[in-house]
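The exercises below go through contacts, helix packing and symmetry in one assembly. Each task is followed by a worked solution.

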There are 6 protein chains.
Amino acid sequence: MADNERAKRGNEMRERLFGAAPPPSETFERLMGVTNEHLFGDIWTRPGLAVRDRSLITCAVLTALGKEAQLRVHMKGALNMGISREEILEMMVHLAHYSGWPTAVNGTRVAEEVFKEADGAGG
Amino acid sequence: MADNERAKRGNEMRERLFGAAPPPSETFERLMGVTNEHLFGDIWTRPGLAVRDRSLITCAVLTALGKEAQLRVHMKGALNMGISREEILEMMVHLAHYSGWPTAVNGTRVAEEVFKEADGAGG
Amino acid sequence: MADNERAKRGNEMRERLFGAAPPPSETFERLMGVTNEHLFGDIWTRPGLAVRDRSLITCAVLTALGKEAQLRVHMKGALNMGISREEILEMMVHLAHYSGWPTAVNGTRVAEEVFKEADGAGG
Amino acid sequence: MADNERAKRGNEMRERLFGAAPPPSETFERLMGVTNEHLFGDIWTRPGLAVRDRSLITCAVLTALGKEAQLRVHMKGALNMGISREEILEMMVHLAHYSGWPTAVNGTRVAEEVFKEADGAGG
Amino acid sequence: MADNERAKRGNEMRERLFGAAPPPSETFERLMGVTNEHLFGDIWTRPGLAVRDRSLITCAVLTALGKEAQLRVHMKGALNMGISREEILEMMVHLAHYSGWPTAVNGTRVAEEVFKEADGAGG
Amino acid sequence: MADNERAKRGNEMRERLFGAAPPPSETFERLMGVTNEHLFGDIWTRPGLAVRDRSLITCAVLTALGKEAQLRVHMKGALNMGISREEILEMMVHLAHYSGWPTAVNGTRVAEEVFKEADGAGG
């Protein structure tokens, strides 16, 4: 079935970016269905822009918009896509000037947590 | 003098990105002084993140924040840094899902203008 | 006294929407005075737009602006005004496309908490 | 073909909301493809939230986010969906308190233009 | 009548800030009624914060939120309240770091227009 | 060395505003270097706008942008610069109308915490 293929492709992209995830709660099923089929299945898999660049601009925009819960997830994805810790921290210095200092301070705080967790997981 | 070196480095980076610019009006002198010395002289020239990636995330964030006048300038810079038209338009499709459809529609409108102008200049 | 009537009308509207609330702390007295008299007493009671529709657009805008503490309160109000859980969750899917995916994810998280609390209170 | 059905359904929804539209320019083809198939074809046609309510919250959110070009289009759609001029203007008074006075002033300015155009078209 | 006193006080405050204004169009009557009575009549006239400081923070916030049409009006008010051109331009340099460079560039552009108009009016 | 002077001046300004601070963690070194040298060393020390007014507009803008972690720090700074509790609370009532009620409610909540902490520290 067409839609199952889209969701399957979406799950694969999510796993490639973030690793395996638990199934959504009942409340989240509605939104997560569209997220898997459309956002990860249709959009993230499109040609025209490298997945590494999609990951980079997603982190940049989540920082600028102050969406820290989502930044936490996508920053792990960025590390998985080969973006370095130095590039992430330097991005925060750069963005301080475009979306304001507080967005960069909050983004660096997220980085500190994500890096610590990655160190712990590998320890 | 230290500050003149910073401003000189900033002017060179601005020219590399956008080409030559007219001197600022008297009202803009105060802000443009800091822009040249600090933003372009100190920040854009830092190691740790490629200029191409700085250009890409700057365009992404200006799109997400709806800063279209600045996006127009930085999108020209992105083309000068080797980012393709396809990458720019695909970035808009991607960002529609993170900062909302209207930001992507407005960003695509800016792209249409910038591409037309680039075609005209090369015609 | 005219102002007491405005505050009284405001308190009635707040109770209708959210149920009884504790009196504000001393720090909040200044803002809550204007909130009761003007926002709930004068504005929410105006004709021209149904209270149910005021509740719906307030939830939509709080979701889009990422004001989750206030969304929590107004989502309870929306349920009290007869807006269904399905309508709230579907609103999140819809708004993902206008204010960005992260606002919808955070809004759905608020819904999950509000629904659980409502289930607990009725259990 | 599955995707053509989605785009067809999307075009029908767009026409129902806004009337016939010219085909997109080449630059807009990429984004408009996703807009027709997914946003209007898949999302606006979902059950769970009335089209009239989707229209109302879309106008509210576009007002709050200051997306005036898109608000202009969706406000015409709101009038076509049976939302009255009084409801639109009263929504602006209400939203002044949630997304700030300037968003309501700008939204009322858009309303003034849309109403005038509607009067002219019907005159 | 109580409400007429509030509107009268509001009109006086508006004139003190901005000079005489034309009556609102029919579309704006609804919002402008609340603006005069409540925003200028009740809020701007409250004790606890000097009118000069209200004017200063209003300009700062309108700059940060990118509400340029309203900034234009309130910047004239700031000059009328004794805030200097130097203070306004320096505020833009300061805010570049808190709400992002583009907000400061756009705010300086508004200043350039307002200063030119003030020079023309006094010439 | 020129840069050390800038950082030294920045540290002095930070201490004047907020009191002594612990050294940054390794993750924050990159951003805090620019913060001390440029933001506090170069910008906050510029003539043209009083430090008290810089503090006032910084608090206003952080309230409007919903940057509550940073508002907490700068509100302490505002009290240290002689801005009164009444002025801060009245600013929240004022800003409710420009950046929306939720920003003012959240800002008043920060004020409540900051005032309690200040009372505790002096008790």
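**Exercise 1.** How many residues does the contact take from chain C and from chain D?

Solution. The model is a predicted one.
Step 1. Chain C gives 25 residues to the contact, and chain D gives 25 residues.
Step 2. On the side of chain C that touches chain D, the elements giving two or more residues are α2 (29-43), α3 (51-65) and α5 (85-99) of chain C.
Step 3. Sorted by class, this side of chain C has 14 nonpolar, 5 polar and 6 charged residues.

**Exercise 2.** State what rotation and what shift along its axis superpose chain C on chain D.

Solution. 
Step 1. The rotation is 180° and the shift along its axis is 0.0 Å, with an RMSD of 0.0 Å.
Step 2. Of the contact residues of chain C, 100% recur in chain D, and the same surface serves both copies.

**Exercise 3.** Describe how α5(C) and α3(D) pack, and name the residues that make the contact.

Solution. 
Step 1. Two packed helices are described by the angle between their axes and the distance between the axes.
Step 2. For α5(C) and helix α3 (residues 51-64) of chain D, the angle is about 40° and the axes are 11 Å apart.
Step 3. The crossing of α5(C) and α3(D) is right-handed.
Step 4. From α5(C), the contact is made by C:Met91, C:His94, C:Leu95, C:Tyr98 and C:Ser99. From α3(D), D:Arg54, D:Ile57, D:Thr58, D:Val61 and D:Leu62 take part.
Step 5. The residues of this contact divide into 6 nonpolar, 3 polar and 1 charged.
Step 6. An α-helix has 3.6 residues a turn, so residues three or four places apart point the same way.

**Exercise 4.** At which residue does helix α2 (residues 29-43) of chain D bend, and which of its residues are buried?

Solution. 
Step 1. The helix bends by about 35° at D:Thr35.
Step 2. D:Thr35 is itself buried.
Step 3. Also buried in α2(D) are D:Leu31, D:Met32, D:Val34, D:Asn36, D:Glu37, D:His38, D:Leu39, D:Phe40 and D:Gly41.

**Exercise 5.** Which relation links chain A and chain B, and through what surface do the copies meet?

Solution. 
Step 1. Chain A is superposed on chain B by a rotation of 180° with 0.0 Å of shift along its axis (RMSD 0.0 Å).
Step 2. That is the relation of a two-fold axis.
Step 3. Of the interface residues of chain A, 100% are also interface residues in chain B, so the copies meet through the same surface.
Step 4. The contact takes 25 residues from chain A and 25 residues from chain B.
Step 5. On the side of chain A that touches chain B, α5(A) supplies the largest share, 10 residues.
Step 6. By class, that side has 14 nonpolar, 5 polar and 6 charged residues.

**Exercise 6.** Is F:Arg109 buried, exposed or partly exposed?

Solution. 
Step 1. F:Arg109 is found in helix α6 (residues 101-122) of chain F.
Step 2. F:Arg109 has 17 other C-beta atoms within 10 Å and is therefore partly exposed.

Conventions
Residues numbered from 1 in each chain as written. Chains lettered and ligands numbered in written order. Predicted model: local features only at pLDDT ≥ 70, side-chain atom pairs only at ≥ 80, totals over all residues. Contact = placed C-beta atoms within 7 Å. Helix = DSSP H or I, 4+ residues; strand = E, 2+ residues; numbered from the N terminus. Nonpolar A, V, L, I, M, F, W, Y, C, P; charged D, E, K, R; others polar. Bend = angle between axes of the 7 residues up to and from the residue. Buried ≥ 20, exposed ≤ 12 C-beta atoms within 10 Å, placed from the backbone. Axes fitted to C-alpha atoms, helices over the stretch in contact; angles between N-to-C directions. Left-handed = near helix turned anticlockwise from the far one by under 90°. Least-squares fit on C-alpha atoms with pLDDT ≥ 70 in both.
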